[in-house]
Amino acid sequence: MKKLICAAVVAGSMFAVAKEATLTTVRSEPSGCMSDWTPFRLSLAGPVALPWGDWNVKGLDIGLWNDAAEMDGLEIGIVNTTYRMRGLQIGVVNVTRNAYGVQVGVVNVVRSSDIPFIPVIHWCF
């Protein structure tokens, strides 16, 4: 059972790092306009979510793999990837470029931080 959990954490970490690489090449910096925001999102994987499509979240984001350019609020999932996070991320793997808040998980990465990787809990204020 321990080997299965370790393998899942390693696979999730590699997936999150690969996804972060695509964030830097595909997605531009968030615009900040409120027309692409939603207060709640329930996601299965990336854009496969309710509401459907690529939305920024200002509120609650729950799912297996959450992916948003901007997230303000609470994000709960196995893998959480964002460009800009303000609030709390709870998951096995949390990856963001810019953060103002707390990440709780096995793998926590804030690319713009002086210390980009901290396991268990990572905070940036």
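**Close-up views of a predicted model**

**Figure 1. Overall arrangement of the secondary structure.** The protein comprises one helix and six strands. In this predicted model, the elements follow the order α-β-β-β-β-β-β from the N terminus. Of the 125 residues in the protein, 42% are buried. Among contacts between residues at least 6 apart in sequence, 18% join residues at least 24 apart.

**Figure 2. The nonpolar surface patch.** Phe40, Leu42, Leu50, Ile62, Ile76, Ile90, Tyr100, Val104, Val120, Ile121, Trp123 and Phe125 make a nonpolar surface patch of about 1200 Å². Two or more residues of the patch come from each of strand E1 (37–45), strand E3 (56–90), strand E4 (93–105) and strand E6 (120–124). Ile62 lies in strand E3. With a relative accessible area of 31%, Ile62 is partly exposed, because its value falls between the limits of 20% and 50%.

**Figure 3. The aromatic pair of Tyr100 and Phe125.** One aromatic pair is found in a search of the whole structure. The ring centres of Tyr100 and Phe125 are 5.4 Å apart and the ring planes stand at 85 degrees, so the pair is edge-to-face. Distant parts of the chain are linked by this pair: Tyr100 belongs to strand E4 and Phe125 to the segment after E6, 25 residues apart. Both Tyr100 and Phe125 are exposed, and both contribute to the nonpolar patch.

**Figure 4. A charge over the ring of Trp37.** The ring of Trp37 has the charged end of Lys58 over it. The distance from this charged end to the ring centre is 4.6 Å.

Methods:
Residues are numbered from 1 along each chain as its sequence is written. This is a predicted model: local features need pLDDT of at least 70, side-chain atom pairs count only at pLDDT 80 or more; totals for chains, interfaces and linings use all residues. Side-chain values use heavy atoms; hydrogens and water are left out. Helices (H or I, at least four residues) and strands (E, at least two) are DSSP runs, numbered from the N terminus. Buried means under 20% relative accessible area, exposed over 50%, partly exposed in between (1.4 Å probe, protein chains only). Contact means heavy atoms within 4.5 Å. Patches are made of residues with over 30% relative accessible area and no salt bridge: like charges are joined within 9 Å, nonpolar side chains (Val, Leu, Ile, Met, Phe, Trp, Tyr) within 5 Å. Accessible areas come from the Shrake-Rupley method with a 1.4 Å probe; for residues, only the protein chains shown count as cover. A salt bridge is a side-chain nitrogen of Lys or Arg within 4 Å of a carboxyl oxygen of Asp or Glu. Rings of Phe, Tyr and Trp (its six-membered ring) pair if their centres lie within 6.5 Å; planes under 30 degrees apart count as stacked, over 60 as edge-to-face and the rest as tilted. A charge sits over a ring if NZ of Lys or CZ of Arg is within 6 Å of the ring centre and within 35 degrees of the ring normal.
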